Amino acid sequence: MKKKLAILLLAVSVLGMAAGCNNDKEETKKTGENEQVQESVVNEDGLVVAVDVDNIEDYVKLGEYKKLEIDVQPREEVTDEVLENNIRYLLVSQYKPVEVTEDRAVQQDDTVNIDYTGYMDGEAFDGGADTDADLRIGSGSFISGFEEGLIGHKKGEEVTLDLTFPDPYKRNESLSGKAVQFKVKINKISQPPTLTDEWVEANTDFKTAEEFKTAQKEAIQASIDSDYNTNVKSKLFEQVINNSEIKDYPEELLEDTKVKVREQLDMMYQVQVGITLDEYIKQQGITEEEQEKNLTNSAKKYLTQDMVVQAILDAEGMEFTEKEYEKEKEAYAISSGFPDVATMESYADAQTIKANVLWNVVCEKIQETATIKETEAAE
């Protein structure tokens with residue numbers, strides 16, 4: 001199952017925002033000749049806070065956060081269909097396929113071993129050929145039509161595929177929109193493993209197929225429960241946000257957050273789109289004034305969450321030393337589906353984790369007096 005952090009705002013998990021970074025101290029730990037800077041979540045007073053300001057009331061007028069009521073859809077239970085689909089996905093994507101011995105054609109989710117050469121205008125083009133290559137049908141590794149074109153063909157067959165490269169084609173812009181022909185030889189066909197006691201004992205930590213299924217069902221249910229709990233907390237916290245008033249934003253923190261928003265957006269565009277944020281801004285013709293407005297609005301959204309969290313912590317007289325925070329972080333890691341804190345820390349930076357942990361603590365406090373009504377959604 002995929003690990004995830006439970007938070008109110010999706011943007012916070014994407015951008016890794018946490019207020020109060022300016023006042024956090026840094027520790028430097030030497031490893032051999034290299035120095036590694038590790039962020040500390042403790043402020044100058046030795047406390048872990050969501051926003052490090054002297055008087056949160058100067059910035060937030062906290063609204064009602066007790067005895068709230070929300071309606072949510074009932075917690076779901078794992079169905080046989082969901083379980084079977086999940087197991088199928090695991091067998092296809094995470095385990096070594098088994099070579100097909102019978103004389104049958106390629107099917108969806110098979111892994112084929114192929115030799116292929118691509119031609120444009122009758123000439124082989126650079127980067128369009130390979131031998132002894134493994135390809136899972138349905139993986140989307142090749143351009144549209146390639147994988148689908150091998151379905152129904154058998155081992156030893158040579159297949160000709162008339163295809164067109166997408167436009168644009170970022171891997172090689174010279175091929176964008178070009179009509180090409182691939183000649184493919186199918187050397188071998190393998191299929192996902194079959195879930196048997198023998199296979200399970202040889203390839204997993206379980207002894208029987210039934211044990212494997214039970215473990216998967218428990219993992220799926222844990223994920224569903226986590227999503228349900230996150231939804232409850234998010235709805236409750238959203239009410240608190242709506243009930244509260246933001247009087248002002250700490251200027252230094254706002255500027256610092258804007259910088260971090262921009263850095264994270266730039267990283268996101270490079271990973272997902274393959275261009276920098278500046279390149280995207282130029283393509284879209286976004287003015288400097290629009291950039292500043294968007295960055296400011298985004299930064300305010302992230303700071304609003306942390307400021308309201310801090311306001312509730314202060315109202316409840318809740319303070320966390322580093323030791324107390326570490327206990328909360330451990331509990332949060334397990335409740336979020338991580339085996340331990342170290343694994344969680346490999347998915348997110350210290351400030352993002354801190355924001356999530358403190359948000360979770362506050363939501364649990366809100367939930368203590370809340371009324372949760374489960375209502376079936378209309379079909």
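**Backbone, core and charges**

Biologist: Where is aspartate 109 placed?

Modeller: Aspartate 109 sits in the loop between strand E5 (98-99) and strand E6 (111-120). Strands (E, at least two residues) and helices (H or I, at least four) are DSSP runs, numbered from the N terminus. The model is predicted: local features need pLDDT of at least 70 and side-chain atom pairs pLDDT 80 or more, while totals for chains, interfaces and linings use all residues. Residues are numbered from 1 along each chain as its sequence is written, and side-chain values use heavy atoms, with hydrogens and water left out.

Biologist: What is the phi of aspartate 109?

Modeller: Phi is about 80° there, a positive value although the residue is not a glycine. Most residues other than glycine have a negative phi, and most peptide bonds are trans.

Biologist: Is aspartate 109 buried or exposed?

Modeller: Aspartate 109 counts as buried because its relative accessible area is 18%. Buried means under 20%, exposed over 50%, and partly exposed in between, using a 1.4 Å probe and protein chains only.

Biologist: Which residue other than glycine also has a positive phi, near 55°?

Modeller: Aspartate 121 has that value, and its place is the loop between E6 and strand E7 (123-136). Aspartate 121 is exposed, since its relative accessible area is 75%.

Biologist: Where is the cis peptide bond?

Modeller: The cis bond joins aspartate 167 and proline 168, with omega about 5°. Proline 168 belongs to the loop between strand E8 (158-164) and strand E9 (179-191).

Biologist: Changing topic, which residues touch the most other members of the largest nonpolar core?

Modeller: Phe237, Val309 and Ile366 do, in a core of 51 residues. A nonpolar core is a set of buried Ala, Val, Leu, Ile, Met, Phe, Trp, Tyr and Cys residues joined through side-chain atoms within 4.5 Å. The elements that give two or more residues to this core include strand E4 (69-72), helix H5 (209-243) and helix H8 (288-315). H8 supplies the largest share, 10 residues.

Biologist: How many residues are in the other core?

Modeller: That core, which lies apart, has 24 residues, among them Leu135, Ile143, Phe146 and Leu150.

Biologist: Which strand is joined to E4?

Modeller: E4 runs parallel to strand E11 (residues 371-374), and 4 bridges join them; strands pair if DSSP finds at least two bridges between them. Isoleucine 70 stands opposite isoleucine 372 of E11.

Biologist: Now the charges. How many salt bridges does the structure hold?

Modeller: There are 15 salt bridges, each a side-chain nitrogen of Lys or Arg within 4 Å of a carboxyl oxygen of Asp or Glu. In one of them, glutamate 364 meets lysine 233 at 3.8 Å, N to O. This pair links distant parts of the chain, glutamate 364 in helix H11 and lysine 233 in helix H5, 131 residues apart.

Biologist: Is lysine 233 buried or exposed?

Modeller: Lysine 233 is buried, because its relative accessible area is 11%. Glutamate 364 is partly exposed, at 40%.

Biologist: What about lysine 329, with which residue does it form a salt bridge?

Modeller: Its partner is glutamate 345, the closest N and O atoms being 2.9 Å apart. Lysine 329 is in helix H9 and glutamate 345 in helix H10, 16 residues apart. Lysine 329 counts as buried because its relative accessibility is 7%, while glutamate 345 is partly exposed at 41%.

Biologist: Which residues are linked in a network of salt bridges?

Modeller: Glu102, Arg104 and Asp110 are linked in that way.
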